[in-house]
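Try each task before reading its solution.

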Amino acid sequence: MMKDEVRQIAEREHLVNAKRRDSQGICFLGKINYNDYLRRYLGELPGDVVELETGKLIGHHKGHWFHTIGQRKGMGLGGGPWFVVKKDIRQNIIYVSHGYDPQTAYRQHFPIIAFHSINGQLPPQDITIKIRHTPEFLPATLEPMDGEGCYMVHAAAPIHGVAPGQFCVVYDNHHHRCYGSGEISI
């Protein structure tokens, strides 16, 4: 069912949350300082901030988990604006660029791991996907890889801001049925 259909049923049944505002992700925590929350549970892990195009070290960060792909504010770097365009989790490096749309910020093919099926069914080859909280469903194909729950996603067009650790949600090609999701592993 689509969310609108569920809302209509909730209204018809006079459920108290029928008109409640939608929440997504960390927003469920309410009005808190997200960096303080992350610091309390994850601590800090200082690392380098590197300009993507030149490889030049331009600053330091207190933990890659404090920054998201596409972020512009709160970087504390001079000479900006700077955008987070890539994160190397293993090396604890954040890559930034003056432009939000450098070609290297796009991916058309990427692996997902630990695919979790909602109903035990494997998705078909032709699918649509969603990454992040965007309204668009993106056409793609899914290719099984070695390893249980591992797939290669082949998007019909390059997608901006695909990053490791994000989740790719897989739907049928008409985006009426959600099959499940897997973690992006670049």
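**Exercise 1: burial and fold**

Find what share of the residues count as buried, then describe the order of helices and strands.

Solution. Of the protein's 186 residues, 34% count as buried, where buried means under 20% relative accessible area, exposed over 50% and partly exposed in between (1.4 Å probe, protein chains only). Keep in mind that this is a predicted model, in which local features need pLDDT of at least 70, side-chain atom pairs count only at pLDDT 80 or more, and totals for chains, interfaces and linings use all residues. Residues are numbered from 1 along each chain as its sequence is written, and side-chain values use heavy atoms, with hydrogens and water left out.

Next, the protein has two helices and 10 strands; these are DSSP runs (helices H or I, at least four residues; strands E, at least two), numbered from the N terminus. Along the sequence the pattern reads α-α-β-β-β-β-β-β-β-β-β-β.

**Exercise 2: two backbone angles**

Locate Asn-92 and state its phi and its burial class.

Solution. Start with the place: Asn-92 sits in the loop between strand S3 (83-88) and strand S4 (93-97). Its phi is near 60 degrees, a positive value in a residue other than glycine. Most residues other than glycine have a negative phi. Finally, Asn-92 counts as buried because its relative accessibility is 8%.

Now do likewise for His-175.

Solution. His-175 lies in the loop between strand S9 (167-172) and strand S10 (178-184). The phi of His-175 is positive, about 50 degrees, although this residue is not a glycine. With 29% relative accessibility, His-175 counts as partly exposed.
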